[in-house]
Amino acid sequence: MNHHGLVPQSPALRLPVAQMRNVFSPGDVQRKLAKLQESGSQREYDGLRTVYERMLERGPERFQVKPSGIPDMDDLYQQLPNFTEVLDDVKRHVALAQDCSDGLEVTPMLLLGPPGIGKTHFACHLAKLLGTGMNLLPMSSLTAGWLLSGASAQWKGARPGKVFEALIDGAYANPVIVVDEIDKANADAQYDPLGALYGLLEYDTAHSFTDEFAEVAIDASQVIWITTANDSRSIPDPILNRMNVFEVPAPTPEQARTIARHLYQDIRAGHEWGRLLDPEPRDDVLDHLARMPPREMRRALMTGFGNARLAQRATVESADLPRTSGAKGRIGFLQ
């Protein structure tokens, strides 16, 4: 097994503590495989057989990681100033897992707020903070529940679901799984895209989650669930009741300037060409960026960096940035 990068480091925390956890029972898989080999429909179930063989080859152990101490999250509070309440909740969960052998248990959360304020960006930062991996499931493109929980191997083109793949093919027993735009799930009379979540979001039932393709119980109880939505009215109450709901406000103008400054510095530091540009953005550039949703800031900065280099300047000027347009779903700022 390739262990490269399995325990990533972050400036915000010390090296994560890792222990091993079984996410399935090899005996269950061996019995399923033996039963399949005894059946006559060899070609029909080639895909299922391959899945069982891959599970046995990789083995059941996955890394269960947590920060080795309550991390210094000051930088995150500065980068994500409108996520203070959510970060406070994460810090409480991390504190509970310290000075003991318990794994990190985070109550599923719903990040509720207008589009473009950085909800998915926050999830990426959280995965880095906790030292685990991240899987993104955009619900606006999922039309059936079986994409989460798998479809029966009896159906043509069936395959395991996204949760199964995250745990069996991934390196972690406690990955961050982001269900993005959960309010945009497209339900029809035959399939409920959110159906699998009823069991997955409950700690007790998630211990033995059964993917409909593999029909082998897997332990999904350690998954860190983050869901995002613009509007909670279309989310069923039983789903809402399983999560901590955080209403994430749009950043204030000053918070937006702080976000823009950190983003400028992060992009510059993350590229070799960044050494050719000023270490700090100009005030008029920050004023310009602060009028944009955080989602658009990165694209605007990349345009600005490119225009500055075309002009053979080290300084990004306001004129290097694309013009803002009030007609493109701008978010409002809090006063």
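Tutor: Two residues are in contact when they have heavy atoms within 4.5 Å, and helices (H or I, at least four residues) and strands (E, at least two) are DSSP runs numbered from the N terminus. This is a predicted model, in which local features need pLDDT of at least 70 and side-chain atom pairs count only at pLDDT 80 or more, while totals for chains, interfaces and linings use all residues. Residues are numbered from 1 along each chain as its sequence is written, and side-chain values use heavy atoms, leaving out hydrogens and water.

Student: Which residues of α4 and α5 meet?

Tutor: From α4 come Val86, Leu87, Val90 and Val94, and they meet Phe122, Leu126, Leu129 and Leu130 of α5. Sorted by class (Ala, Val, Leu, Ile, Met, Phe, Trp, Tyr, Cys and Pro are nonpolar, Asp, Glu, Lys and Arg charged, the others, Gly among them, polar), this contact has eight nonpolar residues, no polar and no charged ones.

Student: How do I read the angle at which the axes of α4 and α5 cross?

Tutor: Axes are lines fitted to C-alpha atoms, for helices over the stretch in contact, with angles from 0 to 180 degrees between N-to-C directions. Under 35 degrees counts as roughly parallel, over 145 as roughly antiparallel, 65 to 115 as roughly perpendicular and the rest as oblique. The axes of α4 (residues 84–96) and α5 (residues 119–130) come within 12 Å and cross at roughly 20 degrees, which makes α4 roughly parallel to α5.

Student: What is the arrangement of α1 and α2?

Tutor: Their axes come within 10 Å and cross at roughly 150 degrees, and α1 and α2 are therefore roughly antiparallel to each other. Among the residues making this contact are Val29, Leu33 and Leu36 of α1, together with Leu48, Tyr52 and Met55 of α2. By class, the contact of α1 with α2 has eight nonpolar, two polar and three charged residues.

Student: Which residues touch the most other members of the largest nonpolar core?

Tutor: A nonpolar core is a set of buried Ala, Val, Leu, Ile, Met, Phe, Trp, Tyr and Cys residues joined through side-chain atoms within 4.5 Å; buried means under 20% relative accessible area, exposed over 50%, partly exposed in between (1.4 Å probe, protein chains only). Here, among 44 core residues, they are Tyr52, Met55, Ile182, Leu197 and Trp225. Elements giving two or more residues to this core include α1, α2, β5 and β8, and α7 gives the most, with five.

Student: And what does isoleucine 182 contact?

Tutor: Leaving aside its neighbours within four places in sequence, isoleucine 182 is in contact with residues including Leu110, Met139, Leu197 and Thr227.
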